[in-house]
Amino acid sequence: MSDADAPLLELENVTVEYEERPLIEDVIPDSIVDRLGMGEEPVRAVDDVSLEIGEEDVVVLIGESGSGKTSLGRTAVGLQEPTSGSVRYRGYDIEAVEAGEHVQEIQYDEVRRSLQIIHQDADAALNPYRTIRSQLAEPLKLWYPEMDMNDRTERLLSMLRTTGVEPAEEYLERYPHELSGGEKQRIAIIRAMLVEPDLILADEVVSALDVSLRIDVMDLLLDLQEMFGTSFLFVSHDLTNARYIADKADGRIAVMYLGRIVEIGTPEEVINDPKHPYTQILRWASLPLDPTEARETIREPSPVMTDEAPDPRNTPSGCRFHPACPKARDPCRSEDPELFGEADGHRSACFRERDDHEYWTAQTIHEREAEIPLD
Amino acid sequence: MLILDEPTASLDLLMQRSILRLLMQIKDDYDLTLILISHDLPIVSGFTDRLGVMYAFEFVEVGETEDVLRNGAHPYTRALLQSTPDLDADVDDIKTIEGSSPDPVNIPTGCPYHPRCPIRKDRCEMETPDLVEEEGDNAVACFYPDEARRALSTPLSREDSQ
């Protein structure tokens, strides 16, 4: 079932669906619900995604709201059960381990400890009525019951110092409201790191912070990643943050659109040489700092061919990006492209990757084929 | 006149761009004056004619957007540019601003930026610099604007020198 070469985490053909039932359906019988046609289609947040995360690996998931990046992240760390497909930790299926299989080799507790999360909103993640000491001591008490109070305090102090929260002794006795936004996020990061996890899901951890603080917090995460050899799965809607983290950590960026990874590769590949039209459009949408360029770009009409926002309740046929894609041609309406390219290389889910595909001889689905302005 | 307070801060990238374009159109069609409050420099860069950089409740630099971004003198302006994770910049050149943001009830004496300023001198701790007009319409609240320009590089100053 498992072997030593198994990757840290392996997502295979993972699909996540959410049932969306209006409240009224809970009080009337199912037969009536069916007859009235009220039972809604489930929302498919993640659709058949496979991804491997190795030791000391950094993967950034980027995408817009509704792209499924958060659902995929939560599934990866075992907070969300996949509707189908499997998530394997060091070769063991997490659901099976939770159900008590493989108890001789691995306990579910170990999986839980190894996969941690840092939330976007540090305010909501911290308990306002408890001191930093009491909140940070809790995971240690839970996972390391043999540790005595002095050891715990030592551990907390060294972690606070490592992350630049000083004077550490004073901070231990403070309450969350006595901390700044950046400090709260540091405490939340420390809490996740204390139990020495193998993989941390960092869900939009810097997007609520001031621009000048973002680099600070990302640098901290990068330092910790190097120090402890932890793997990170970052979720972000911001290309610049994604590139910063992935570039500095030698990681990969995966671009998600309506539940699928549509492009994956190194930041160099994905940001500087985007292949998928959706990634190219995201690249176009990120304004440059240079005022001359920014002024020109800001007035450019959007290359997106539809005004409708992508809706996971209503996924288009064929390539899910085709109604919005300026490069869409006939086959895109009916045929669903896989991720083309080498397994570990730069991959894109677009027929334009295949020189021999009938796409190249087909007609555009729009009045005319538009260009995506890229500098 | 229309005041926009972080109008696109919580939006997805593509929505952000279409809102900005819409605002530009409204501005042109109705001859509006817009005040944009933002911490997002690329948006400010493409959207505004003039730019005021604030630190600890005060303007530290005011001027034509293009001039301030390309040739701004205040060390805080330059540090902000340096900390912007621009896609065209080399990631190793992106640097955070040292120190922590000013405590609103306990603003430092003298120049409020002096505890974080890499080129601070004794004078900066004692005296508060006024916003002084330079050439053109730009004004900067720093005693040592020329030294700041020389000593502190930004992504745009590097681009110009290439």
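This is a predicted model: local features need pLDDT of at least 70, side-chain atom pairs count only at pLDDT 80 or more; totals for chains, interfaces and linings use all residues.
Local features need pLDDT of at least 70 and side-chain atom pairs count only at pLDDT 80 or more, while totals for chains, interfaces and linings use all residues. Residues are numbered from 1 along each chain, chains are lettered from A in the order written, and side-chain values use heavy atoms, without hydrogens or water.

Over all chains there are 10 aromatic pairs (Phe, Tyr or six-membered Trp rings with centres within 6.5 Å; planes under 30 degrees apart are stacked, over 60 edge-to-face, the rest tilted). Two of them are set out here.

| Pair | Centre to centre | Between the planes | Type |
|---|---|---|---|
| A:Tyr257 and A:Phe321 | 4.9 Å | 80° | edge-to-face |
| B:Tyr55 and B:Tyr113 | 5.1 Å | 85° | edge-to-face |

In chain B, Tyr55 is in strand S3 (residues 50-55) and Tyr113 is in the loop between helix H4 (75-83) and helix H5 (122-126), so the pair ties together parts 58 residues apart in sequence.

Now the charges: B:Arg17 lies over the face of A:Trp284, 4.0 Å from the ring centre, and the charged end of B:Lys121 sits over the ring of B:Tyr144, 4.8 Å from its centre. The cut-offs are Lys NZ or Arg CZ within 6 Å of the ring centre and within 35 degrees of the ring normal.

Notes: Helices (H or I, at least four residues) and strands (E, at least two) are DSSP runs, numbered from the N terminus.
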